[in-house]
Amino acid sequence: MVELIVLVLAILCIYLIFKYMGLKKEIMSCQDQIEYIQENNSSMRISSSVRYKPLLKIIKLFETQREDNKSLYVKHLHQEETIKELISNISHDIRTPLTSIQGYVEMLESANRDEQVQYIDIITKRLNDMEIMLDSFFLYTKLQTQNKPFILEKQPVYPLLCDVLLSYYPQLSKIGLEPKIVCEDENLEGYINADQMKRIFQNLLMNVIRYGSMPFQIELYRKEKDLACVFSNAIKGEHIEVEHIFDRFYQADHSRGNNGSGLGMAIVKDLCEKMNIIIEAKIECGIISFVMIIRG
């Protein structure tokens, strides 16, 4: 009986030694594969012939981490290309007002008093255009590189809209744009970030000022559990490719002479996405509408 027990234990020890040696060999193989992948930046996947769960879990974790790192790298490259494109385009856009300012500054030297006042007014407007362009550029760049989510709070949207409309009233009034406000309840609430919601309203209003005409209407109403906000206005005449209106640098007339950066609506789209707001643009019978669905 003792001999049998010794024999069984001996066989068991031999079996465990072979299992240990096989596992050690497989771990060394995985180590070699990892070193090869790192040294050659290879996309090869780690393989293992041993069905040892802890080892398989380690391999799975490694592959998951590698995929995450790859995604981050691709995202980083995309951000770099975006920033390069932004710098290139904004440099092109700024050159026009800068050239204009330089010309009027030179003309100031030989101008009479009335002409000087006129030229200074033009220079001031060009500088304001540049400030808007640069502000859009820095905001868009920040949105592309910032991963921190906005803090959303449930609050009324109508007061924010009124604040922005009031600040833009002189510009709207000057060009004869009188918005019709249709709001079924001034206390309608949605989950938003107040500062970023104001930025959305500002960019939508600037879009109307640059490209729109009467009739101009803003609606706020309950849509099931959510809140709908609709900006709609007549189009001045430019051909608008509505499917591209949220693209970077898209401008209705495809020119750089309208003092816009082409980033305004791209910023609106990005801000909406970061606040879980659904936005779409549509054109019907010469009226363009921007429809936002805000989570209520």
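A: Happy to! In this predicted model, helix H5, residues 194-211, packs against helix H6, residues 264-274, at an angle of about 150 degrees. The two axes lie 9 Å apart. Angles over 145 degrees count as roughly antiparallel, so H5 is roughly antiparallel to H6. The crossing of H5 and H6 is left-handed.

Now for the residues that form the contact. H5 contributes Gln-196, Arg-199, Ile-200, Asn-203, Leu-204 and Asn-207. From H6 come Gly-264, Met-265, Ile-267, Val-268, Leu-271 and Cys-272.

On to the cysteines. With a disulfide taken as a pair of cysteine sulfur atoms within 2.5 Å, the count comes to zero disulfides. Take Cys-183, which is in no disulfide: its nearest cysteine sulfur belongs to Cys-162, 7.9 Å away. Cys-183 is partly exposed, at a relative accessible area of 24%. Cys-229 is in no disulfide either, and for Cys-229 the nearest cysteine sulfur is that of Cys-183, at 9.2 Å. Cys-229 has 0% relative accessibility and counts as buried, whereas the 24% of Cys-183 makes that residue partly exposed, since buried means under 20% and exposed means over 50%.

Methods. Residues numbered from 1 in each chain as written. Predicted model: local features only at pLDDT ≥ 70, side-chain atom pairs only at ≥ 80, totals over all residues. Heavy atoms only, no water. Axes fitted to C-alpha atoms, helices over the stretch in contact; angles between N-to-C directions. Helix = DSSP H or I, 4+ residues; strand = E, 2+ residues; numbered from the N terminus. Parallel < 35°, antiparallel > 145°, perpendicular 65-115°, else oblique. Left-handed = near helix turned anticlockwise from the far one by under 90°. Contact = heavy atoms within 4.5 Å. Buried < 20%, exposed > 50% of the residue type's maximum accessible area, 1.4 Å probe, protein only.
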